[in-house]
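Student: I have a model open and would like to talk through its side chains. Could we begin with charges and rings?

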Amino acid sequence: TDGQVWGESCGLYMHKFVKRGARNDESQVMKLQQFLNKNGFGPVEVTGEYDQATFDAVMAFQAANWQEILSPWVPFGLPSATTPTGYVYKTTLRWINMTECPALNLTLPALP
């Protein structure tokens, strides 16, 4: 568990959005890939490239956590609360950070 001890403070795990086909921050993509592997959505190779395997793993993570990640987007045009996007954006980023550090207790970001 990356040497984290209960009661030890933790901070934001990821702080940048990641999107297929965009110029992503490689270090953020590597953190995303490590997160997906650690939380059972891999195996994905930790390359820093947002490849198809990583995209598919993000889709699975979003689908598994749809209440927190996807349903807030339905009023803004997402076809359904269980339609993953593969885009690590506001609610996906929030849930990755909450999974890594529940003590952050992040509120839902302003949408859209």
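Tutor: This is a predicted model, and in it the charged end of Arg20 sits over the ring of Phe55, 5.4 Å from the ring centre. In a second case, the charged end of Lys19 sits over the ring of Tyr87, with 4.8 Å to the centre of that ring.

Student: Okay, and which ring forms a stacked aromatic pair with Tyr87?

Tutor: The structure holds eight aromatic pairs, and in one of them Tyr87 is stacked with Tyr89, at 4.8 Å centre to centre and 20 degrees between the planes. These two tyrosines belong to one aromatic cluster together with Phe17, Trp73 and Phe76.

Student: Switching topic, how many residues are in the largest nonpolar core?

Tutor: That core has 23 residues, and Met14, Leu32, Leu36, Tyr50, Val88 and Ile96 are those with the most contacts inside it. The elements that give two or more residues to this core are helix H1 (26-38), helix H2 (52-64) and helix H4 (90-100).

Student: Where does Ile96 lie, and what does it touch beyond four places away in sequence?

Tutor: Ile96 lies in helix H4 and is buried, with a relative accessible area of 1%. Leaving out residues up to four places away in sequence, Ile96 touches Tyr13, Met14, Leu32, Phe35, Phe61 and Val88. With the same exclusion, the residues that Met14 touches include Leu32, Val88, Leu93 and Ile96, and also Gln28, Lys31 and Asn97.

Technical notes:
Residues numbered from 1 in each chain as written. Predicted model: local features only at pLDDT ≥ 70, side-chain atom pairs only at ≥ 80, totals over all residues. Heavy atoms only, no water. Core = buried A, V, L, I, M, F, W, Y, C linked by side-chain atoms within 4.5 Å. Buried < 20%, exposed > 50% of the residue type's maximum accessible area, 1.4 Å probe, protein only. Helix = DSSP H or I, 4+ residues; strand = E, 2+ residues; numbered from the N terminus. Contact = heavy atoms within 4.5 Å. Phe/Tyr/Trp six-rings, centres within 6.5 Å; stacked < 30°, edge-to-face > 60°. Lys NZ or Arg CZ within 6 Å of the ring centre and 35° of its normal.
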